[in-house]
Amino acid sequence: AASVSSSLVQPWTTVRAGSFDVKVKSEVAHHRELRTLLGTGVIARQLIAANGRGHIAIAEGEKIHVLDSAPAMGAPAAAAPVERGSLRATAKPSVGFEVLQLNFNSADETQLLVSGLKECVALTLGERGELVSRISIDLMLDALGLGLPVHILRTAWLPGSVSRCYVLTNQFIKVYDLAKDKICPQYYYQVLEDAIKDVAFAPTGADGTLTLLALTGSGVLYRQPLVAESGGGPLALCDAIPVPSELRGRVGASLHFSAPTGLLFASYADGKCFGLRLGGAATEVVGGFAL
């Protein structure tokens with residue numbers, strides 16, 4: 001699933017079913033682990049993304065198809081589904097791993113973040129959608145020596161940044177500034193005796209300072225302003241935001257911060273979901289409602 005602007009693809013325009021093969025092949029690396037995580041809902045795939053330049057990116061195994069959306073936009077209302085062959089590909093880069101997530105950068109729509117189970121690369125597209133450059137983020141998850149399997153849960157660009165992105169795994173979160181370093185993260189956090197299930201970023205300063213908000217498996221909500229850099233090893237998230245019992249669940253699942261409304265939406269594995277209004281520099285919950 002992905003969020004695609006209705007101005008890019010008209011709602012009646014569809015690509016014929018089966019024209020892109022999205023089945024996980026048995027020969028891919030970490031096949032059993034990947035199938036288990038997908039089957040249990042621990043990780044989710046986001047195989048399509050679109051930007052405001054008219055480019056649509058679709059993942060098919062290890063390959064990214066960057067398509068020109070003009071044929072789809074020009075399809076009449078009663079037209080048949082668009083054939084794959086009628087969509088002009090501007091680039092078909094192979095990233096060398098099974099793609100699980102695609103994300104265009106809203107602050108620089110030439111930047112496309114691509115991630116798999118254990119790898120992540122940032123691609124730069126040209127004006128015509130051609131591949132210009134790529135940066136591989138050196139995660140080396142299997143070489144960390146944590147004694148537990150480590151895999152990516154989610155990757156995305158930080159809001160308002162043309163070069164910063166985050167990688168959330170089942171053990172930690174790292175924030176990178178790819179304009180400076182692809183090996184050492186700017187920020188590196190984990191939670192002691194718990195796991196981060198999802199994160200969101202809220203602007204909390206007039207200077208554009210972002211605050212990391214993290215929801216854990218036990219339902220605790222943490223905050224961490226992105227001010228002083230981590231400087232090497234991981235730091236523990238310790239600043240928990242008190243949340244009234246009527247506005248929280250027991251098992252954390254996902255977070256989303258809505259900048260237009262200023263609300264933080266938190267969902268839980270027991271089926272509960274809440275909209276929270278944070279006060280001050282995201283230090284407390286001043287109101288909220290159940291959905």
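**Entry on the model.** I note that this is a predicted model, in which local features need pLDDT of at least 70 and side-chain atom pairs count only at pLDDT 80 or more, while totals for chains, interfaces and linings use all residues. Residues are numbered from 1 along each chain as its sequence is written, and side-chain values use heavy atoms, with hydrogens and water left out.

**Entry on salt bridges.** I looked up the rule, by which a salt bridge is a side-chain nitrogen of Lys or Arg within 4 Å of a carboxyl oxygen of Asp or Glu. With this rule I get six salt bridges.

I began with Asp-68 and Arg-88, whose closest N and O atoms are 3.1 Å apart in their salt bridge. Asp-68 belongs to strand β3 (residues 63-68) and Arg-88 to the loop between α2 (70-73) and β4 (89-91), so this pair ties together parts that are 20 residues apart in sequence. I wrote beside this that helices (H or I, at least four residues) and strands (E, at least two) are DSSP runs, numbered from the N terminus.

Next I took Asp-198 and Arg-154, a salt bridge with its closest N and O atoms 3.0 Å apart. Since Asp-198 lies in strand β13 (residues 196-203) and Arg-154 in strand β9 (residues 152-157), the pair ties together parts that are 44 residues apart in sequence. Is Asp-198 buried or exposed? Asp-198 is buried, at 1% relative accessibility, whereas Arg-154 is partly exposed, at 33%. The cut-offs I used are under 20% relative accessible area for buried, over 50% for exposed, and partly exposed in between (1.4 Å probe, protein chains only).

β13 and β14 are antiparallel and share seven bridges, and Val-199 stands opposite Ala-214 in β14. The two strands form a hairpin with six residues between them, where Gly-208 in the turn has a positive phi of about 90°.

β14 also pairs antiparallel with strand β15 (residues 221-225), over five bridges, and in that pairing Leu-213 has Arg-223 as its bridge partner.

How many residues of strand β14 (residues 210-216) are buried? I found seven of its seven residues buried, with Leu-210, Leu-212, Ala-214 and Thr-216 on one side and Thr-211, Leu-213 and Leu-215 on the other.

Technical notes: Pairing = 2+ DSSP bridges.
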